[in-house]
Amino acid sequence: MAPVPRSTLLSCLALLALGSGPWKVLGHVTLNPSRGAEGGFFGVHVRVPHGCYGKETTKLEIQVPKGIPMVTPEHKPHWTTKVDKYDLDEPVPSMHGNITQGPETITFEAQDEEAHLHPEYLLDFAMNLRLGCNFNDPETTTLWNGVPTLWFKTTQTCTDNEVHQWYEIPQDGEAWGPGQPAPYLQISALGDCDDMEILGQTGLVEEFNEHNLIHVSDNLGSQLKSLLDDHDQTRSIAIAAIVLACLSCTGLLVIGFLYTRRPSNQFVWSDDVKASIP
């Protein structure tokens, strides 16, 4: 059997390393997890993975998309937390009475230098959201890759007044990033709302822009679910392909290792040596 080429082994090792870690290695501010259901409570973390070109992060300002009537941010030690609110057009019922004001901006700010986020470390800021049923602000809501998406525009302030604005929103069909894309939350499941309205018009459309708006009703909920099922099926096929490729490479690595460890056929014990062995 011929030995496995070294280039093949190195390629397999690289594929195994890729398969064992995240598929995307990103340095952007993100929302984790980035999928939720409308009409209910949902816990997320805003993740800041680095500073501003080597400078420490001192403040994070998160713009909350319209249609989220309630946000409860965590109290992080040595950081102040502030929620700016605005008056809702209509009260939103809740277990503790009607909600009349919604969150507009959440600001986390370090109280001292020891609390600064070093550029070589990451930090998560936890929030509990209540997602509403109506999303009518085209500045913060789009149909992206076939799924209604809420965009949390975020300003990251670092030492020496260095500022990164994570504001960019991709068009439908475009990739998230490069550049400074906004963190996002996709509404990937129908929840407690009898009727979900997006940007004030009826009809589930293929493309989104300021004139093509969406309304998802009970009739159209099945169409949205079909879009999501197709996406999940494609992702499952991709995962299966990578798993099979990793297993194949593992087999090649084992075969290569066994081949290098096999005894050589060129060495033969002499009769004198064999006679001295009890």
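Me: How many helices and strands does the protein chain come to?
Reply: In this predicted model, the secondary structure of the protein chain consists of three helices and 16 strands.

Me: What share of the residues is buried?
Reply: Of the 278 residues in the protein chain, 37% are buried.

Me: What part of the contacts with a separation of 6 or more comes from residues 24 or more positions apart?
Reply: Such residue pairs account for 68% of those contacts in the protein chain.

Me: Turning to Thr58, which strand is it found in?
Reply: Thr58 lies in strand β4, which covers residues 57–63.

Me: Is Thr58 buried or exposed, and why?
Reply: Thr58 counts as buried because its relative accessible area is 15%, under the 20% cut-off.

Me: Which residues does Thr58 touch, leaving aside those up to four places away in sequence?
Reply: Thr58 touches Trp79, Phe108, Glu109, Ala110, His116, Thr157, Cys158 and Thr159.

Me: Now confidence. What pLDDT does the protein chain average?
Reply: The average pLDDT is 73, and 61% of the residues score at least 70.

Me: Where is the pLDDT below 50?
Reply: One such stretch is residues 6–26, with 20 contacts in the model beyond near neighbours in sequence. Another is residues 202–228, for which the model has 63 contacts beyond near neighbours in sequence.

Conventions
Residues are numbered from 1 along each chain as its sequence is written. This is a predicted model: local features need pLDDT of at least 70, side-chain atom pairs count only at pLDDT 80 or more; totals for chains, interfaces and linings use all residues. Side-chain values use heavy atoms; hydrogens and water are left out. Helices (H or I, at least four residues) and strands (E, at least two) are DSSP runs, numbered from the N terminus. Buried means under 20% relative accessible area, exposed over 50%, partly exposed in between (1.4 Å probe, protein chains only). Contact means heavy atoms within 4.5 Å. pLDDT is the predictor's confidence in each residue, from 0 to 100.
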